[in-house]
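Hi there,

Here is the structure I promised to pass on.

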Amino acid sequence: MYKLGFFTLSVTMSLHRLLLRSLRRSSSLTAAATSTSQTLIHQQPQPTLVPIRTFAFSSAEEAAAERRRRKRRLRIEPPLHALRRDPSAPRPRPDPNAPRLPDSTSALVGPRLNLHNRVQSLIRAGDLDLASATARQSVFSNTRPTVFTCNAIIAAMYRNKRFDDAIALFQFFFNQSNIVPNIVSYNVLINTHCDAGRVDVGLDIYRHILANAPFSPSPVTYRHLTKGLIDSGRIGEAVDLLREMLNKGHGADSLVYNNLISGFLNLENEAKAIELFDELKERCLVYDGVVNGTFMDWYFTKGREKCAMDSYKSLLDRQFRMTPVTCNALLEVLLKHDKKAEAWALFDQMLDNHTPPNFQAVNSDSFSVMVNECVKLGKFTEAIEVFKKVGKKQGSKPFAMDVAGYNNIIARFCENGLLSEAEQLFGELSTKSLTPDVNIYRTFIEAYFGMERADDALQMFNRFVDSGLRVIVSFANKVFDELVNKGKAGECVPVLTKMGEKDPKPDPTTYEIVIKGLCKERLFDASRDLMGQMVRYNIGAFGKEGRSEEIERLLEANRPGFGAYWPPSGPPRMAGPPRMAGPPQMAGPPQMAEPPRMAGPPQMAEPPRMAESSRMEEPPQMAGQAST
């Protein structure tokens, strides 16, 4: 027992000595390293001003480790191009049961984009019939229209209240021509039926979308349907449709709620309207201020001015960044009910908040609302100042006025006879790199005719033609008819000639108006020249019948100094041998001799289709020569 305790004590002491020895060694090494580092610090040079370049990795080993990690990840998750099908492999057969999807914007390129722009230019010019014909004819060509082109012409028909044409085009493009419609196509069709009083048809289209379309209805769909139901006196069904919209996962749309609120207010059910408004505010932290405008308009109509202004102030207190469409609606309500101070304050606030591209607080419609108010009060100088007004707040930017804004103020000035001011505004368009549209030219031309300034109207119409914009047939006929009535048929010839040199060519009725005017003024040479243009451009019935060469020869033959001989009328003279002397054209009517093997006198054969016309179109002065 004593030996075991002695052994344990000796082992413990030896371990204790080893531990102390290791601690002394580590402390000595630390002291040496500290002294060495201090020496090196004193000896190293001062840092220079050369910038130190930083790399993505601190060392080459770390970069190599990152490369290995990327290779490992690529083995686990190959890139997308590695998963693509081999280009040489046969394409898989498409699923016949898969629903066809409408065109995306990537389809609007190349010839299809050119077709779309051509149709859009016709729509802007107001020639909807030609735009419709161009789009319909392209269905049978190699350049088929996209769904966007079809929607453009259908929507244009709807905007011009041509509901039957809009529905027929939808039927032609999407049901007969196998073009896949998108939700915009269905929305335009629903809106057309609702405005035409066929809201049940619109509901059937909505159910068709739910059952067959590869997409869901949009909030715009519910806006059109709720408005149609309310206009038809079926506001209960409109409320049910709102609940259905919410149950299908759509967000609370302010304009759908606005339709219902407006409907209940018109039914004098203010409590239900306020209930819906409170529900909208619970569902949306930010809603459209158009709803407040609806309440304001109703309160003002009922003579409750205080309630209307309280609603307006509650909207301003929320400090929403309202879009120009919302602010424009509020401006119209305030101006309608003679709250001009509040309207001008709101307009100034909109100008101060206009900081594009971050936020656009005004548009050309905002300026048009205020300009129209100034013109209504007869303050034309103030209207020009408002038109060029900018915000005063630091950071705000001036609004870059577009052609629509110039079109509005020019139209207002022309209506009030201020053509000099309108012409000055027209001259500003070129300085701002803006191109006048069709409406501006039409406004000036109609104003000049109204002021009995036919020369200015002709000059503006000439600029209209030179601009390259499309001149529709109805407007061209109206202008030329006015000019002819003013005794300026001769001055119309150069303008019509320039129109004929471009595509599309003028209508035959346009030529008819000018030619009749020239004949009344006894300008026969100019009328003959226009007839020649019609023949050369295949305009009218002769070009369609393929007889333009005959008419052109007729016109050339009647030109002064033309020495062609016209054949005599009556049957061909057979007596006597044929005269061979003289040039061929002086030997009488065209003779077609038989081959030498045929005996007897030469036979006279009339040319096909030409002999009868030659006798009918013979000039009267040649009759005496034919009788000799």
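Let me begin with a residue on the outside. Glu452 counts as exposed, because its relative accessibility is 58% and the cut-off for exposed is over 50%. You will find Glu452 in the loop between helix 22 and helix 23 (454–466). Its backbone deserves a look too: phi of Glu452 is near 60°, a positive value in a residue other than glycine.

Gln319 is another residue of this kind, with a positive phi near 55° although it is not a glycine. Gln319 sits in the loop between helix 15 (305–317) and helix 16 (324–336), and its relative accessibility of 69% makes it exposed as well.

Before going on, a word about what you are looking at. This is a predicted model, with a mean pLDDT of 82 and 75% of its residues at 70 or more. Please be careful with two stretches.

Now the overall picture. The protein has 31 helices and zero strands. Of its 628 residues, 37% count as buried. Its accessible surface comes to about 38,300 Å², with 55% of that belonging to carbon and sulfur atoms. If you take the contacts between residues at least 6 apart in sequence, 61% of them join residues at least 24 apart.

Is Leu229 buried or exposed? Leu229 is buried, because its relative accessible area is 1% and buried means under 20%. Leaving aside residues up to four places away in sequence, Leu229 touches Val199, Leu203, Arg234, Ile235, Glu237, Ala238 and Leu241. Further along the chain, Leu260 is 31 residues away from Leu229, and their C-alpha atoms are separated by 9.8 Å.

Pro356 and Pro357 are joined by a cis peptide bond, with omega about 5°. Pro357 lies in the loop between helix 17 (340–352) and helix 18 (364–376). The peptide bond from Asp503 to Pro504 is cis too, with omega near 0°, and Pro504 belongs to the loop between helix 25 (489–500) and helix 26 (508–520).

Pro504 also leads us to a pocket. The second largest pocket has a volume of about 660 Å³. It is lined by 26 residues, and those closest to its centre are Leu469, Arg470, Val471, Ile472 and Pro504. Which helices each supply at least two residues of this lining? They are helix 4 (110–125), helix 22 (438–450) and helix 24 (473–485). Helix 4 gives the most, with three residues. By type, the lining of the second largest pocket divides into 13 nonpolar, five polar and eight charged residues.

That is what I have for you. Enjoy exploring the model, and do write back with any questions.

Best wishes

Notes. Residues numbered from 1 in each chain as written. Predicted model: local features only at pLDDT ≥ 70, side-chain atom pairs only at ≥ 80, totals over all residues. Heavy atoms only, no water. 1 Å grid on protein atoms, 1.4 Å probe; cavity = no way out; pocket = protein on both sides within 12 Å on 5 of 7 lines; lining within 4 Å. Points joined across faces, edges and corners; volume = space filled by probe spheres on them. Helix = DSSP H or I, 4+ residues; strand = E, 2+ residues; numbered from the N terminus. Nonpolar A, V, L, I, M, F, W, Y, C, P; charged D, E, K, R; others polar. Buried < 20%, exposed > 50% of the residue type's maximum accessible area, 1.4 Å probe, protein only. Contact = heavy atoms within 4.5 Å. Areas by Shrake-Rupley, 256 points an atom, 1.4 Å probe, with all protein chains shown as cover. pLDDT = per-residue confidence, 0-100.
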